[in-house]
Amino acid sequence: MQTVTVAIADTNPGRRNKLEQVLRGGQGIEVLTNVMSNGDDTIRDRQPGIHASITELEHIIAKISHLRPRILFVNLDPSDEAYLTLI
């Protein structure tokens, strides 16, 4: 079985961690590094309702481009608790 690489970009750390835990338990799934962290965790630990800056978004996009995941879960809207987009 070929391994499927997955990256998660979600502004909600609790939801991101839960999704990561579920995926890590799956056979043939490799969860890539946290794309929301820029080394000092300022993006990853952002309070709900505070939007990422253009520079932070550019960093996230660059990190995703470098990792090249097969599947990417994205939710960059901290005010939206219900939806997660699969690209």
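In this predicted model, the structure contains one cavity of 30 Å³ or more. The space within this largest cavity amounts to about 50 Å³.

Which residues line the largest cavity? The lining is formed by Ala-7, Ile-8, Arg-16, Glu-20, Val-31, Leu-32, Thr-33 and Asn-34. Two elements, strand E1 (4-10) and helix H1 (13-24), each give two or more residues to this lining. By residue class, the lining of the largest cavity comprises four nonpolar, two polar and two charged residues.

One of the lining residues, Glu-20, also takes part in a salt bridge, its partner being Arg-24. The structure holds two salt bridges, and the table sets them out.

| Salt bridge | N to O distance |
|---|---|
| Arg-15 with Asp-10 | 2.6 Å |
| Arg-24 with Glu-20 | 2.7 Å |

Are Arg-15 and Asp-10 buried or exposed? Both Arg-15 and Asp-10 are buried. The second pair has another setting. Arg-24 and Glu-20 both belong to helix H1, where they stand four residues apart, about one turn of the helix. Arg-24 has a relative accessible area of 48% and is therefore classed as partly exposed. Glu-20 also counts as partly exposed, because its relative accessibility is 21% and the buried class requires a value under 20%.

The overall fold may now be described. The protein has two helices and four strands, and from the N terminus on these elements follow the order β-α-β-α-β-β. The protein has 87 residues, of which 33% are buried. Among the contacts between residues at least 6 apart in sequence, 65% join residues that are at least 24 apart.

Confidence in the prediction remains to be considered. The mean pLDDT of the protein is 75, and 69% of its residues reach 70 or more. Which element has the lowest mean pLDDT, and which the highest? The lowest mean, 50, belongs to strand E4 (residues 85-86), while the highest, 93, belongs to strand E2 (residues 29-31). Over residues 40-50 the pLDDT is below 50, and this stretch has 19 contacts in the model beyond near neighbours in sequence.

How values were computed: Residues are numbered from 1 along each chain as its sequence is written. This is a predicted model: local features need pLDDT of at least 70, side-chain atom pairs count only at pLDDT 80 or more; totals for chains, interfaces and linings use all residues. Side-chain values use heavy atoms; hydrogens and water are left out. On a 1 Å grid over the protein atoms alone, a cavity is a set of points where a 1.4 Å probe fits but cannot get out, and a pocket is an open set with protein on both sides within 12 Å along at least five of seven lines; lining residues have an atom within 4 Å of a point. Grid points are joined across faces, edges and corners, and a volume is the space filled by probe spheres set on the points. Ala, Val, Leu, Ile, Met, Phe, Trp, Tyr, Cys and Pro count as nonpolar, Asp, Glu, Lys and Arg as charged, and the others, Gly among them, as polar. pLDDT is the predictor's confidence in each residue, from 0 to 100. Contact means heavy atoms within 4.5 Å. A salt bridge is a side-chain nitrogen of Lys or Arg within 4 Å of a carboxyl oxygen of Asp or Glu. Buried means under 20% relative accessible area, exposed over 50%, partly exposed in between (1.4 Å probe, protein chains only).
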